[in-house]
Amino acid sequence: TAADAAAPFAFDSANTYANVKLTLPLAVKPWPDLHARLYSGAVRDLCQFFVCVLVDKTEAGGQSVAPYEKQITFDSPVETGKIISLARRDYEFTGGAHGNTLFAGVLWDKAMKRQISAAQLFRSGADMAALDRALCVAVNVARKERNPDATPLAMTGGDWSCPKAADTPFVLSQGTTPGKAGGLTFLIGPYQIGPY
């Protein structure tokens with residue numbers, strides 16, 4: 001609708017119990033269906049968070065604790081001839097030593113004007129073993145960069161193992177050829193491949 005096409009690019013609300021915030025990139029402006037869906041879905045998530053916070057604070061008996069926080073950010077837009085890809089990052093703090101961050105990938109089919117699943121980018125029945133191995137190699141390289149003493153992860157076993165590509169959110173990577181993606185960027189959150 002015309003009202004949906006005018007959806008804002010940010011939402012910010014705070015009270016004594018919680019602070020919530022949404023940020024959308026201007027890159028979605030030419031795609032009002034995508035823009036409206038991202039905005040309304042994220043605001044709905046933030047409002048549900050507010051309700052959960054009220055329940056949690058009520059159960060705490062009104063004890064004075066720091067406000068909870070939730071931030072939803074969409075960024076890293078990549079556009080191909082057929083798809084727009086965005087990374088969604090949800091940061092939540094509900095007490096404790098630190099907050100937690102979760103990731104998701106958004107893939108939007110421009111012609112069909114709808115979100116598609118990551119699995120739809122691959123042929124049905126495609127052998128994902130090579131992609132799983134490549135992801136495991138990349139995970140181990142990233143872990144070594146952060147901690148030179150990190151023990152390499154294997155595909156299975158131990159306290160931690162490499163994630164499967166099909167179970168890990170990803171976005172398209174920017175390519176050098178206009179209208180084409182350059183690869184995949186996997187979004188791996190805290191605790192998924194090792195301690196925070």
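**The salt bridges up close**

Modeller: Let's start with Glu79, which is partly exposed because its relative accessible area is 40%. Keep in mind that this is a predicted model. Glu79 forms a salt bridge with Lys110, and their closest N and O atoms are 2.7 Å apart. That pair ties together distant parts of the chain: Glu79 is in strand β3, while Lys110 lies in the loop between β5 and β6, 31 residues apart. Lys110 has a relative accessible area of 13%, under the 20% cut-off, so it counts as buried.

In total, the structure has 6 salt bridges. Another one joins Glu92 and Lys70, at 2.7 Å from N to O. Here too distant parts of the chain are linked, with Glu92 in strand β4 (residues 83–93) and Lys70 in strand β3 (residues 68–79), 22 residues apart. Lys70 is buried at 6% relative accessibility, whereas Glu92, at 29%, is partly exposed. Both belong to a network of salt bridges that links Asp45, Lys70, Arg88, Asp90 and Glu92.

Then there's Lys113 with Asp33, where the closest N and O atoms of the salt bridge are 3.8 Å apart. Lys113 sits in the loop between β5 (100–109) and β6 (114–116), and Asp33 is in helix α2, 80 residues apart. Lys113 counts as exposed at 52% relative accessibility, and Asp33 as partly exposed at 37%.

As for helix α2 itself, its 28 residues (32–59) should span 40 Å at 1.5 Å a residue, and the end C-alpha atoms are 41 Å apart, which agrees. Just after α2, Gly61 adopts a positive phi of about 70°.

Note on methods. Residues are numbered from 1 along each chain as its sequence is written. This is a predicted model: local features need pLDDT of at least 70, side-chain atom pairs count only at pLDDT 80 or more; totals for chains, interfaces and linings use all residues. Side-chain values use heavy atoms; hydrogens and water are left out. Helices (H or I, at least four residues) and strands (E, at least two) are DSSP runs, numbered from the N terminus. The expected span of a helix is 1.5 Å times one less than its number of residues. A salt bridge is a side-chain nitrogen of Lys or Arg within 4 Å of a carboxyl oxygen of Asp or Glu. Buried means under 20% relative accessible area, exposed over 50%, partly exposed in between (1.4 Å probe, protein chains only).
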